[in-house]
Amino acid sequence: MLAVGYFSVVILVGWSKGLVAEMIGNGTGILTGQLQVHAADYQPDKSVHATIGGREGTDVAALVNAVRADPAIEAATPRVYGGGLVSTGSATAAAVFLGVDPELEPQVSRIMGALERGRHPRRGANELLIGAEMARSLGAEPGDTVVVVAPAVDGSLGNDLFVVSGIYSTGLADLDRTFALIPIDALQFLMALEPTRIHEIAASVPDPWQAAEAAERLSAVLEGAGFAVGVESWATLRPEMVEYAQLSQAFQWILLFIVFGMAIFGVANTMLMATFERRYEFALLLALGATPGVIVRSVLWEAMALGALALAAGAAITFPVMVWWHRVPLDLSWLFGDFTMLGALMRPVIRIEYPWLMTVQAAVALFLTAALAAVYPAIRAARIPPADTLAGR
Amino acid sequence: MTKQRMPAVKTADVWKVFEHDGLAVEAVRGVSLDIEPGEFVVLAGPSGSGKTTLLNLLGGLTRPTRGGVWIDGRDLTSMSERELAKLRLERVGFVFQAYNLLPVLTALENAEFSLLLRGIPPDERRRRVEELFAVIGMTGLEDRRPAKLSGGEQQRVAVARAVVGKPALVLADEPTANLDSAASDALLGVMADLNRERGTTFVFATHDTRLMERAKRLIRLVDGAIESDDVRQDMGG
Ligand SMILES: Nc1ncnc2c1ncn2[C@@H]1O[C@H](COP(=O)(O)OP(=O)(O)O)[C@@H](O)[C@H]1O
Ligand SMILES: [Mg+2]
């Protein structure tokens, strides 16, 4: 019973950790990035004028390198944002234009990896990558020419012909309807931005939980180097995900209490029955001169020994399953399809993130349960009346 | 001045009344006894006469309703459960009618159990039990578990356990009840030998008339009270 309790707590917590990890991974990894650097005045309006370094712009390569120099950061890429329309002549769609470096972007986000048809846009070319939803509403296919219209920073209206190089599909309809990816230099030209003027540097941090710390560190470093920028981690950009992670943390404790709280009664009941079956033994020990304290201690020790066995059994069933579902997530796609959680796309799998802390906490809880459950039976055993019991009364 | 002799166990007007279905059952009624060290006493009486209850009172396993019990001059009625347990451990040996041995332990482990509870080191325990096993004819059976021993052998292990700690008195409640007559005789012989050779004080309850013959002192109990208390001629040797 304790072994099963241990198994269920550790596996469920591992799964919930896996869910959170996947949610954060997908929620930040598809497009957002775990870390973003903006001009100090970019948030919250996200004005296209608020480029890093103001009107003069900045040494983009130097800034990217400075960001990448942080030990927690794996990769960084510059971005430009714009809004406007994409039109095929017969149909028109509103779009958010994302100017990306086609070589660097895939190191930070997975959106370009979601290419479904065609190919990626090339540096310097008037090409764009659109989402599957947008392609459908436009009736556009790779190779089609479209008109792109975007307000430029000088007050004019930039417009030019672009070729749809490819179509991506992330599975997130909103994303696939909204974002069109354009080579950063082509978008800068369209919006009358100098090559030094960008809106954002997005960076990836392999361990999302280090992002907030890295953001703080980076913020100080960049400021020291004379860049007037703000650094935000996904935790600031997507507070609801942090909340969910905290909620799931709290849920772990509730789960621990429920499972072992229930086990306590089962174990106590079993032990009480065992105590009753061994009443002659306890009566004999008492008659021979064992003090009640000795009986209590021996029952408690026995419970702890059984707890250790239960832990061994629990670990023996838990760890293989844990490693297995970590390496090869249990596929439930026959049961239900992809789903979204707080806007993050989720696969229908049970994937376990190693809940190391919980394996220890659950072990402690198991011992506490065994010991607590044994207290009442132990006292009962010590209070057995030896004379009457041995006389069979 | 001669050293004052202290009874191994003494009772003064001891009563035990049980509450049973709202009725008061007077199991022991005003028994006063002195049992000296080295005595071999048989407590006789029909079933229900209060033998078991009296033995339990003598050994501090049951508290009297009224009256006093002293072992080695120490008043049992004023002791806590813990103190009583310690006193039983150090000064009293019990042999019960049945369920004497812990089934999971070997004969030797059962016999040395009270020494273990007292914290005596293993070598010493083993030495003392083996010495005793030689006296009671159990040598060679040390590693058997109770299920692999005859009833008589089991009771001898129980006697060894009761005696091994050199208690002030050994209380045996119908120890031969489940034995055939040959085994009963042998067990009684073992106890008589220990009494003679080691001076162990025995109080032995039985309703088997044949065994009463071997008593040096025979106390007859009827309805919880002493009917007669005879010291008999030594049976010799
Ligand atoms: N725990 C008890 N509760 C109620 N009655 C008891 C209890 N123990 C003994 N008695 C009663 O006391 C009387 C003496 O019992 P006992 O001492 O066992 O006699 P004996 O051992 O001589 O057979 C009997 O009537 C018995 O029913
Ligand atoms: Mg009896």
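Student: Which side chain has an N or O atom 3.0 Å from a nitrogen atom of ligand 1?
Tutor: That is the side chain of A:Asp388, a polar contact in the sense of a pair of N or O atoms within 3.5 Å. This is a predicted model, in which local features need pLDDT of at least 70 and side-chain atom pairs count only at pLDDT 80 or more, whereas totals for chains, interfaces and linings use all residues. Residues are numbered from 1 along each chain as its sequence is written, chains are lettered from A and ligands numbered from 1 in the order in which they are written, and side-chain values use heavy atoms, with hydrogens and water left out.

Student: And what does the backbone of B:Lys51 do?
Tutor: One of its N or O atoms lies 2.9 Å from an oxygen atom of ligand 1, and a polar backbone atom of B:Ser49 is 3.2 Å from a ligand oxygen.

Student: Why is the site called shared?
Tutor: Because residues from chains A and B surround ligand 1, the site is shared between chains.

Student: Switching topic, how do helix 9 and helix 12 of chain A cross?
Tutor: Helix 9 (residues 239–277) and helix 12 (residues 356–382) of chain A, both DSSP runs (H or I, at least four residues), have axes that come within 8 Å and cross at roughly 30°. Helix 9 and helix 12 of chain A are therefore roughly parallel to each other, a term for angles under 35 degrees.

Note on methods. A residue is near a molecule or strand if one of its heavy atoms lies within 4 Å of it. A polar contact is a pair of N or O atoms within 3.5 Å; within protein, one must be able to donate a hydrogen and the other to accept it, and residues adjacent in sequence count only if both atoms are side-chain atoms. Axes are lines fitted to C-alpha atoms, for helices over the stretch in contact, and angles run from 0 to 180 degrees between N-to-C directions. Helices (H or I, at least four residues) and strands (E, at least two) are DSSP runs, numbered from the N terminus. Angles under 35 degrees count as roughly parallel, over 145 as roughly antiparallel, 65 to 115 as roughly perpendicular and the rest as oblique.
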